[in-house]
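The topics follow in groups.

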Amino acid sequence: MPQQLIFVTNNAHKIEEVAAKIGDQFDILSLDAIGFAGDIEETGTTFHVNASIKSQTIYQQFKLNCFGDDSGLEVMALNGEPGVYSARYAGEHGNHDANIDKVLKNLEGKTDRRARFITVISLILDGKEYFFEGTVEGTIRRERFGAKGFGYDPIFQPDGYDITFAEMTMEEKNSISHRARALEKMVGFLKQQ
Ligand code: IMP
């Protein structure tokens with residue numbers, strides 16, 4: 001009988017990706033599925049704190065095993081910006097086009113284009129919290145390439161490739177992404193339980 005595990009998100013794409021990776025030992029449920037309709041504010045200044053806010057909020061209310069994730073882009077020459085503010089770097093939440101413009105503008109004239117995506121997962125299992133981290137290193141291109149994916153994908157080229165995330169198929173991106181790597185660590189851990 002699969003154990004229930006809440007993923008603190010309503011993003012159907014994320015749920016699907018996790019469910020595919022996790023196998024049949026766990027039954028992944030979204031916030032909708034458990035009837036949580038509230039807003040969880042990401043008020044932290046680190047990925048760890050924001051991921052933890054998500055999982056702790058749900059654990060405190062439902063006392064169910066659950067996990068939350070938080071991701072973003074860190075650009076070396078910008079001292080780690082946009083970081084935890086990745087979704088709202090240019091002001092308005094989720095305006096990816098404006099966010100990309102701001103990164104490109106802030107990098108004008110800089111030769112160091114190194115960047116990385118990071119995902120931190122906070123898992124609460126039987127009341128105990130565990131963290132898993134995944135990263136993918138790369139560089140920021142000088143303009144946009146590709147139309148797939150979301151967020152900063154059109155300007156992020158992972159090391160070892162000559163195309164951006166937005167030029168990759170979803171399968172290709174999901175095989176090397178920060179989110180996939182963090183997830184794989186969590187799944188490896190869960191399978192040992
Ligand atoms: P979230 O924590 O997964 O919602 O990610 C926060 C923000 O980081 C997103 O709104 C994007 O701006 C950026 N981001 C996270 N993961 C990716 C990715 O795989 N590609 C492009 N942008 C991403």
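A residue counts as buried under 20% relative accessible area, as exposed over 50% and as partly exposed in between, with a 1.4 Å probe and protein chains only. The model is predicted: local features need pLDDT of at least 70 and side-chain atom pairs count only at pLDDT 80 or more, whereas totals for chains, interfaces and linings use all residues. Residues are numbered from 1 along each chain as its sequence is written, and side-chain values use heavy atoms, with hydrogens and water left out.

**Aromatic pairs**

- Rings of Phe, Tyr and Trp (its six-membered ring) pair if their centres lie within 6.5 Å; planes under 30 degrees apart are stacked, over 60 edge-to-face, and the rest tilted.
- By this rule there are seven aromatic pairs.
- One of them, phenylalanine 117 with phenylalanine 165, is stacked, at 5.8 Å centre to centre and 5° between the planes.
- Phenylalanine 117 lies in strand E4 and phenylalanine 165 in the loop between strand E6 (156–158) and H4, so the pair ties together parts 48 residues apart in sequence. Helices (H or I, at least four residues) and strands (E, at least two) are DSSP runs, numbered from the N terminus.
- Phenylalanine 117 counts as buried because its relative accessibility is 6%; phenylalanine 165 is also buried, with a relative accessible area of 1%.
- Tyrosine 130 and phenylalanine 189 form a tilted pair, 4.6 Å centre to centre with 45° between the planes.
- Since tyrosine 130 is in strand E5 and phenylalanine 189 in helix H5, this pair ties together parts 59 residues apart in sequence.
- Tyrosine 130 is partly exposed at 22% relative accessibility, whereas phenylalanine 189 is buried at 17%.
- Phe117, Phe156 and Phe165 form one aromatic cluster.

**Largest pocket**

- On a 1 Å grid over the protein atoms alone, a cavity is a set of points where a 1.4 Å probe fits but cannot get out, and a pocket is an open set with protein on both sides within 12 Å along at least five of seven lines; lining residues have an atom within 4 Å of a point.
- The largest pocket has a volume of about 1100 Å³, volume being the space filled by probe spheres set on the points, which are joined across faces, edges and corners.
- Of its 44 lining residues, Asn11, Lys14, Ala87, Phe150 and Arg179 are the closest to the centre.
- E3 gives the most to this lining, with five residues.

**Largest cavity**

- The whole structure has one cavity of 30 Å³ or more; the largest cavity holds about 40 Å³ of space.
- The lining of the largest cavity includes Phe7, Asp69, Thr119 and Leu183.
- H1 supplies the largest share of this lining, three residues.

- Lysine 54 lies in helix H2 (residues 47–62) and counts as buried at 10% relative accessibility.
- Not counting residues up to four places away in sequence, lysine 54 touches Val8, Ile40, Glu42, Gly68, Asp69 and Asp70; contact means heavy atoms within 4.5 Å.
- In helix H3 (residues 96–106), Asn99, Ile100, Val103 and Leu104 are buried.
- These residues cover an arc of only 135° around the axis, which puts them on the same side of H3; the arc is that of the directions from the helix axis to the C-beta atoms.
- The buried residues of H3 pack against E3 and strand E5 (128–140).
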